[in-house]
Amino acid sequence: MTDAANSPTARSEADVDRQQEFVLRTLEERDIRFVRLWFTDVLGTLKSVSVAPAELEAAFEEGIGFDGSAIQGFARVYESDMVAMPDPTTFQVFPFEGSEGGESARMFCDILTPDGSPSWADPRHVLRRALSHAAERGFTFYTHPEIEFFLLHDHPLDGGTPEPVDAGGYFDHTTHAVARDFRRQAVLALERIGISVEFSHHEVAPGQQEIDLRYADALTTADNVMSFRHVIKEVALSAGVHATFMPKPFTDQPGSGMHTHLSLFEGERNAFHDPGDPMQLSKVGRAFIAGLLTHAREYTAITNQWVNSYKRLFPAPLTDWVTEAPAYVCWGHLNRSALVRVPAFGKANSARVEVRSLDSACNPYLAFAVLLAAGLKGIEEGYELPPGAEDDVWSLTDTERRAAGYPTLPQNLSEALDVLEHSEFVAETLGEGVFDFFCKNKRAEWQAYRREVTPYERKRYLGL
């Protein structure tokens, strides 16, 4: 772990200058022909513009101008001029995308207005602002995502049911199957661009995979998640299959989550660790969890932003598999049915909490920002942690859950937006512009979904 002074929110101008020099030197030495500048819109869609290496020195000084009104949530047409400023600390060569005569590389960008100030609409800036708030209190925020996704033989454009690439289950060794070789190729590709992988394995459903990224500061992790999605899709296409991060592609199979482990450090010390506590969890850690629970319903629309997300959190009954997606606001020690879990850990610096509601199609910048802000609010206001859940929360009746004090997460996108729209905490974290756009965009998505007549309805009602 590194301390707050070395975090991405506190790099000096000298460090940036050295990084710029390194980038320019690497471009020349490795004969790199294409440099892709990446950023994301408010919904987490990756955007890209390619520049010639000869133009990059000027881009470091002045950025690359673009029409912000053409990007989801970035600007109105009468204030559309925006600037993508490359962040040289994120430079990475993509050797597996190189064509004959040269390799390619990428850098993430910070989005600025023409006067050089950060854009309110840049998700990276939203997260930077939350990290700065933590740094003011002496904390550095680390995250570690477990990313699930499906590999499919096809991608039916008519909305039909796709075919998984294998029939494997949890931890299955799918010998001679596409999935086994795919994970090996994907991990190699990720490591070649500097993204460290801890584990990879087959998940519960046919065709479902999981790859876990190593701990890093939250901004680096968010950048890594965006790179991860791109690399996974590219490796899948090269293998003749399709990768999807859709939260729940199949009715009768589990969905894809992005369980994320969180921790706060004060310098080199894990702020969540207390050797005298029965769970070795400090007062700071307990208050952080209490913040996550108290504001869980408010931030769910951010961590689970699609109509389809709630099919994962609230799956169809009478299935032959057990869901581990949380639907109720509670925490537990080792309890995988809880929204927040405290995993077992052997070392002091491994103390952490796991939030299990996120899905792998969220915007990681906004998701990490609201989780951090919720936890910090718990610390700052001294929230008390309620008793933990010891039982399988899914197996309890509604009456038993109410008696235990386990509120329900929003059960669909509309309900999640109802809560979000009244949340001062989330509005403050995201900023007014991002907050307003997100709410309006998601309301439009919900209305479009409500209008749609589905195959289920035709199958069930056409014969009436």
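Biologist: Which element gives the largest share of the lining of the largest pocket?

Modeller: That is α14, with six residues. Please keep in mind that we are looking at a predicted model. Elements that give two or more residues to this lining are α5 (218–238), β11 (242–244) and α14 (455–461).

Biologist: How much space lies in the largest pocket, and which residues are the closest to its centre?

Modeller: The space is about 1500 Å³. There are 37 lining residues, and the closest to the centre are M246, P249, T251, N308 and K311. By class, the lining has 18 nonpolar, ten polar and nine charged residues.

Biologist: What makes a space a cavity and not a pocket?

Modeller: In a cavity a 1.4 Å probe fits but cannot get out, whereas a pocket is open. Rolling a probe the size of a water molecule over the atoms shows where empty space is left. The count here comes to two cavities of 30 Å³ or more.

Biologist: What lines the second largest cavity?

Modeller: This cavity, with about 30 Å³ of space, is lined by F39, T40, F108, C109, D122, P123, R124 and Y365. At least two lining residues come from each of β1, β6 (102–112) and α3 (123–136). Five of the lining residues are nonpolar, one is polar and two are charged.

Biologist: Why are F149 and F182 called edge-to-face?

Modeller: Their ring centres are 6.0 Å apart and their planes meet at 65°, so this pair is edge-to-face. F149 belongs to strand β7 (residues 140–152) and F182 to helix α4 (residues 178–192), so distant parts of the chain, 33 residues apart, are linked. F149 and F182 are both buried. Ring pairs also join F149, F182, F228 and F245 into a cluster. The model's count of aromatic pairs is 14.

Biologist: How do you know that K442 lies over the face of W306?

Modeller: The distance from the ring centre is 3.5 Å, and the rule asks for NZ of Lys within 6 Å and within 35 degrees of the ring normal. K442 is therefore said to lie over the face of W306.

Biologist: Why is A236 called buried?

Modeller: Buried means under 20% relative accessible area, and A236 has 0%, so A236 counts as buried. A236 is found in helix α5. Between A236 and A167 there are 17 Å in space, C-alpha to C-alpha, and 69 residues in sequence. Across the chain, buried residues make up 54% of the 464 residues.

Biologist: How do you know that the radius of gyration agrees with a compact globule?

Modeller: For 464 residues, a compact globule would have a radius of gyration near 23 Å, and the chain has 22 Å, so the values agree. The C-alpha atoms fill a box of roughly 65 × 55 × 50 Å along the principal axes. The chain has 14 helices and 16 strands.

Definitions and conventions
Residues are numbered from 1 along each chain as its sequence is written. This is a predicted model: local features need pLDDT of at least 70, side-chain atom pairs count only at pLDDT 80 or more; totals for chains, interfaces and linings use all residues. Side-chain values use heavy atoms; hydrogens and water are left out. Rings of Phe, Tyr and Trp (its six-membered ring) pair if their centres lie within 6.5 Å; planes under 30 degrees apart count as stacked, over 60 as edge-to-face and the rest as tilted. Helices (H or I, at least four residues) and strands (E, at least two) are DSSP runs, numbered from the N terminus. Buried means under 20% relative accessible area, exposed over 50%, partly exposed in between (1.4 Å probe, protein chains only). On a 1 Å grid over the protein atoms alone, a cavity is a set of points where a 1.4 Å probe fits but cannot get out, and a pocket is an open set with protein on both sides within 12 Å along at least five of seven lines; lining residues have an atom within 4 Å of a point. Grid points are joined across faces, edges and corners, and a volume is the space filled by probe spheres set on the points. Ala, Val, Leu, Ile, Met, Phe, Trp, Tyr, Cys and Pro count as nonpolar, Asp, Glu, Lys and Arg as charged, and the others, Gly among them, as polar. The radius of gyration is taken over C-alpha atoms; the globule rule is 2.2 Å times the number of residues to the power 0.38.
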